Amino acid sequence: MLVALSVLLGWTSLGLAQVPDAGPEPTPTDDPAEATTDSTESEVPPPPGDDVVEEPAADGAEEAPSPAVVATPAPEPEPEPQGPALGDEHELLPPGDEALAGSHPVDAADILFVPGKGLRVTSADDRFRLEVRARVQIAWEGTGPDGGPWGQQVRLRRARLQLAGFMFSEDVRFKMELAVSPNDMGIRNNLDDEDRVATRSPLLDFYIDFTRFRDFQFRVGQYKIPSNRQRVISSGNLQLVDRSIYNGEFTLDRDVGFDLRSKDFLGLERLRYYLGLYIARGRGARGVDDFGMMYLSRIEYLPFGLFNDYSEVDFERVHPRLSIGAGYTHIDRARRDRGIIGSAPADGGTTDTHHIFADAIFKWAGFSSIVELGWRQGDRIPGNAVDDMGNPIPVEDPRNGIGGNIQAGFLIPRLPLEIAGRYSFLRGIGTTSLGDANELTGGVSYYPGRHPYKVQLDYSRLWADSIDEGGHRIRLQLQVAL
């Protein structure tokens, strides 16, 4: 290694010491600073500091006139050797490297505002793009049990800042999203000293997509795991105020890792797939751990062709479109009771967890519907936690069970108004700590600016065993996305 480094440094020194070729003789010029004088036609001035002594003429001889002395400017010092001359491209750099790393002008026509995408700036050579977007949801919510007192709150449900685009090429894409509302950062109650402490990092997503190859695209970073469809759909693109109770229980949310995917496998405009490997610590993963990882596979089939199947409203009033998806996920020694989210088991152990997801979304002429089903089975690996008395804490049961979501909406012709409804459920299976739950929701949405600018109102009936014994929930929400 040292010998190779010495040879490399010596080679570099020799390269830097080379003097550029002097080239052809310069052309005479009128500039005195660049003029040259022939020594045979003029006297060379004495060195600086030497006195000129005139010899006396011989006796009786006339003194000869002194010849005119022509002043010649001192020659300019030769430049120090600078190594090989630099042209448009240094001979040691890859072709185009200097141009790519330099400035990339932006024309006025390349600056756009796109609703829902934000401010978009693209370089004139189409190598770089930056999209800046802000989104906020302001919500009022009232809840109460049958015959009991109601509570209410007004909150910033979500406040997001997003940067996205591509760099150096349209095939190298990135996205960063920050979640900065109190709700986003896990602050439960700003009046309680313990609950007003932020429990989550504001960094929601940061990932890079390499999309050069249609059938083998690569994503790496922190992002939503492609598990159940409603989780992957943005919270800004929902037809009701928020997602279902099924999503809240079964989603895998976000993790740090990578996957191989294709948005149009084989160019058939019918197939997509995902194969992923993740650290299995969830959002904000950090810390040294064992090799208990999360493994994911998912496939989607679109029999009528590709369309926007990750938005719940049919704004385009399209011809019949259908997307069917299914996936399997295994988490080796999951640290939390719902996989990578939820609570750590009280006994301190882990859970080998298996998830199966199936879903479909259908759109036609303003009508849209989504159906989701999920199954989860976990095998507990007990921990060795003890209580304050030193007694072992009983092993907590896994949250084994199934769940589902059935939802539909209709966008009224020639009006930006939609009515929608949903039924969602959870059921525990076998030895489990998952209890039964049900949600029945109906709502209306007004879209003066489609999803980027909308007002939504919904009502939900929530119950466990009997619909006659449950609670109520009313929500009103305004969303603005710049």
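Colleague: What makes E141 and R157 a salt bridge?

Modeller: In this predicted model, the closest N and O atoms of E141 and R157 are 3.4 Å apart, and a salt bridge is defined as a side-chain nitrogen of Lys or Arg within 4 Å of a carboxyl oxygen of Asp or Glu, so the pair qualifies. Strands are DSSP runs of E with at least two residues, and helices are runs of H or I with at least four, both numbered from the N terminus. E141 and R157 are both buried, the term standing for under 20% relative accessible area, with exposed meaning over 50% and partly exposed what lies in between (1.4 Å probe, protein chains only).

Colleague: Before we go on, which rules stand behind such values?

Modeller: Because this is a predicted model, local features need pLDDT of at least 70 and side-chain atom pairs count only at pLDDT 80 or more, whereas totals for chains, interfaces and linings use all residues. Residues are numbered from 1 along each chain as its sequence is written, and side-chain values use heavy atoms, leaving out hydrogens and water. The predictor's confidence in each residue, pLDDT, runs from 0 to 100; its mean over the chain is 86, with 81% of the residues at 70 or more, but over residues 1-70 it stays under 50.

Colleague: Why is D289 called partly exposed, and what does its side chain meet in a salt bridge?

Modeller: The relative accessibility of D289 is 35%, which falls between the 20% and 50% limits, so the middle class applies. Its partner is R335, at 2.6 Å from N to O. D289 sits in the loop between β9 (271-278) and β10 (294-301) and R335 in the loop between β11 (321-334) and β12 (350-364), so the two link parts 46 residues apart in sequence.

Colleague: How do you know that D290 and R333 pair as well?

Modeller: Their side chains come to 3.3 Å, N to O, which is within the 4 Å limit, so the salt bridge is counted. It joins distant parts of the chain, with D290 in the loop between β9 and β10 and R333 in strand β11, 43 residues apart. R333, with a relative accessible area of 28%, is partly exposed. Elsewhere, salt bridges with shared partners join R229, R272, R298, E300, D309 and D359 into one network, and the count of salt bridges comes to 33.

Colleague: Why is I340 called buried?

Modeller: I340 has a relative accessible area of 4%, which is under 20%, and therefore it meets the definition. I340 lies in the loop between β11 and β12, and its C-alpha atom is separated by 6.4 Å from that of L252, 88 residues away along the chain. Counting contacts as heavy atoms within 4.5 Å, and leaving aside neighbours within four places in sequence, I340 touches residues including L252, R254, A280, M294 and I331.

Colleague: How much of the chain counts as buried?

Modeller: Of its 482 residues, 35% count as buried. The chain holds four helices and 18 strands, and among contacts between residues at least 6 apart in sequence, 61% join residues at least 24 apart.
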